[in-house]
Amino acid sequence: MNRYQRRLLYGGGMLISIVLAAATCVLLYSMARDEIARRYADFAVRKLLVQLEFQARDFAVRTFIAHEEAVWSTRESASPALVATFTAQHGRVVLQGNPQFAPVLALGEVTPQQPSDTFGRYLALANEMSYRAGAYFKLQSQSQAMSGYLYSPNHDFIVFIPAPGSDSTLQTDGATDVRHLIGMIAPGDNEPGQSTASDVPAISRSNWLVPALDPIQHQQVIRLAATAFDNGKPFATLISNLPTRSVLAKLPVDQYDTVSFMVDGHGRVILHTRHGLPSENIIYLALRTRPALHSEQPVAMFHDGMFIISQGIQGTDWTLIHTFALSTIIVALWPKLIAYVATSLLVIGLIWIALAWLDRKVFIPAWRRSQRIVESENLNRTMITTAPFGFALMGLHDKAVLLQNDVMRAYDARMQGDEPLHRKLMRLFDPDPAAPEWQHDLETAVAMKDGSTCNLLVSLMRTRYQGNDVVLCNFTDITARKHTERKLDEARRAANAANEAKSVFLATMSHEIRTPLNAILGNLELLDRSPLLPEQSERLHTVTSSSHALLDTISSVLDFSKIESGQMPIETIRFDLAEVIRQVGDMFTPILAAKGIQFDCVVDDALAAHYMGDPTRIRQIVTNLLSNAVKFTAQGEITLEVYPRNDADPHSPVVIGVSDSGVGMTPAQQQQLFHPFAQADSSIARRFGGTGLGLALCKRLAELMHGTIGVKSEIGVGSTFIVTLPLPVATAPDAGDVDTREQSPAAHAQPVRILVVDDHPANRALVQAQMNTLGYQADVAADGAQALQLIAQARYDMVLTDLNMPGMDGYTLARLLRSQGMRLPIIAVTASASVTEHERCAEAGMNAVLVRPILLDTIERMVLELAGSSAEPHAITHLAEGPLPANIHALLQQSLRQSVDAIHASLSAGDLKSVRDHLHALRGSFAMIGEMETADKVGNMEAMAVAGDRAALAVAMREFAAHAPFVLQRRAKMPS
């Protein structure tokens, strides 16, 4: 038995080692194949880039030739002035159709027998080329150093495109006249390496010539020559130079034993990426394998340790070949190869160490125990006794113990109470004959004498023993497993809490980032209204556009974080869905018109007049979908439509669709489309920009409104996004809602009167000054009680109230006003407004919440919207910038001294509530004048007061008391 166990043990180890070695070999082979496939795919992409370069040049030349052949017979001579200039400069003229375009140079062999008038049509052609060719070259990459020539069949007229840098370049290789110069440039009739575009008619066929040195540009170029004919006779030849470095830049970079080269129709090498003897040897070995030439599809082969892939270049008889050696793959993958082999060897070594340990510590002792058991008369009883789990054999009817092992006895001895363990276990057994014989996975908990609880996993089976019905019982102690499960459950809850904390943190940080960014945008807007130089204005618009893009990104992150943290509120108000869709469509109409894309906005007449829902979130979804369509649609059309899903059902859900004719998506890309920070492929952010949050945000917003969003897309055809929202149809509005604005004081052209309620005198003075600047009448109250007295004595059109005030706070004031039936707008003003505060304000009957610092245009817009003011807007004076008015500055200094003294006194008395009240007032004052850094410090101290950290608060308060007066002094001395 011992020999059998050892053979089984080590044989199994040998088998596992062989399997691991084989798996390692398969993995290495798969890695090599993936690397080869990656290189083949890279060749295909780079060959496509080269092909596009050739096709672009060929198309441009063929277009030019076709155009000239069509108009040559009717082309008129150049203007007399141009001919006169050409004559005066002895057959030379520089033409520049536009100062932004590169000039062209025209040279002609002017002789008494061939005066300048004979070149009239050629001069007219050259003058037109100064526009067409100049615009074409301006749009090309400057690194390509593009050039070309056009000359007459008689070699007596030539146009340089663009004009050479100096006339000395025309003296290259001793050229003495125009004919000599054209003879140096013009290709021979039988020049080697000619490659003809076979799909062009023979009369104007274009020829690709092997690389050669351009005598004018002094660089290696691939020339494309084409001749224009008129009634079967040539009248002009055009040569376009493609720099070889432009082609080489698109081929794979040099690597170990790797080279890319191009051969002509006879297999002669005309261009390659590397120089030197090793590269020439590699090219020789590759050509010796006779790779496929002129193939329309990539052809790959392996021969003598070399990988060769080739594909013909359409429009030529040339072939692009890329070759690399097996050693190239090894060099590229050697770190992974070594790592996987070392890991495999390590695992095999650990397995044999474990087998040796198992043989010595487990199998040999087990064999010795088995030997003793075999020698024992009571084999079965001994096996039960030595079992590592509780085991017992009990009578079915009398529940008496027939056999039990030591584990059973040990647990029975440690159990608390008088009832034995086997009776507790028998209560789990169902004696019904219809019940299964084997009843397993039964769990029970028993109390132990040491006060702990033991969890047991019990298995019971009905059988026969010595002619009697018995129950075979075994149990396993799963206390450790239960403890592990509890720990895992706690860890899962902790992970969920961490995720929620992450979302809250991200939302908070996005808000903190957006606050200074809003200040940047506001100052940029003010700067835009001031007189600027054109260059300054252009730079300002660039910065403003970038800031808006950053604000949009941060807003998306903030909205997504609010959704994840459950802080995204969804309104349910009455609104006109058709008008919302038309507004969004009007916003995108000029953008799409500028791109030349047809845009249709279709609103179904079957829509209800009004719906109940959140128009802001619906507008956000439609805007994101349209932005996405504009981003991925270069040409074609985009359609925005809204309609009921079922015209016959008045309560049918509403469907919003956005269709485009853009790039489209594969099914695999559509699976990842609505995931956060995911895009269709990794190149989307590089080519089109974006964060990958827009569609994910649309999906979350649609779900928050109990709707759905889906997509149908096809590569190259376009995409269609469908949003379905179950919006209830709104009933007719109440008469009171319609007449509220009509009955406002502004309807009778009376001045708007506003009540400002704030416990801090500086805040009251600041808001009152802002109202006066805007042309509104403003009264102030120090608390809610004084506000009630003023409202009882006078009529007000709006109330602006702080939330946290001693005595009667802003919430209580709003509830009292609403309970008295007053319907005037109530606006909450606070230094920081969370979702909870928004909800409390809404419950108290407030119309809106303003967060400090409050800009004047924000106040004016709020007043015009809620109070219906018809007052003319006044010049805006931003109190957050520049020196403060003398009265406000004096009030701030006085209130700062009083608040600091009161805070020190409250800290000494341990009155943290009073400390919080004074800190809240200070924070609002500094935020109101735009000193956000100081306001944030006060906010941190306010958090310390809430946490009860008196020691840290005392230290921070001493620093603040020393710093704050200098802040106010600086604002008093700033130049106006």
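Two strands count as paired if DSSP finds at least two bridges between them, and the elements are DSSP runs numbered from the N terminus: helices (H or I) of at least four residues and strands (E) of at least two. With that in hand, G312 stands opposite T319 in β13. Strand β12 (residues 306-312) and strand β13 (residues 319-325) run antiparallel and are joined by seven bridges.

A word on the source: this is a predicted model, in which local features need pLDDT of at least 70, side-chain atom pairs count only at pLDDT 80 or more, and totals for chains, interfaces and linings use all residues. Residues are numbered from 1 along each chain as its sequence is written, and side-chain values use heavy atoms, leaving out hydrogens and water.

Back to the sheet: it is open, with five antiparallel strands in the order β10-β9-β13-β12-β11. Its edges are β10 (269-272) and β11 (299-303), each pairing on one side only.

Now to helix α9 (residues 406-414), where V407, M408 and Y411 are buried (under 20% relative accessible area, 1.4 Å probe, protein chains only). These residues lie on the same side of α9 because they cover an arc of only 100 degrees around the axis, taken from the directions from the helix axis to the C-beta atoms. Their cover includes β14 (390-395), β15 (401-404) and α10 (421-426).

Finally, confidence: pLDDT, the predictor's confidence in each residue, runs from 0 to 100. Its mean is 79 for the protein, and 80% of the residues reach 70 or more.

| Stretch | pLDDT | Contacts in the model |
|---|---|---|
| residues 734-749 | under 50 | 19 contacts beyond four places in sequence |
| residues 869-878 | below 50 | 23 contacts beyond near neighbours in sequence |

Where pLDDT is low, the predicted coordinates should not be read in detail.

Technical notes: Contact means heavy atoms within 4.5 Å. Buried means under 20% relative accessible area, exposed over 50%, partly exposed in between (1.4 Å probe, protein chains only).
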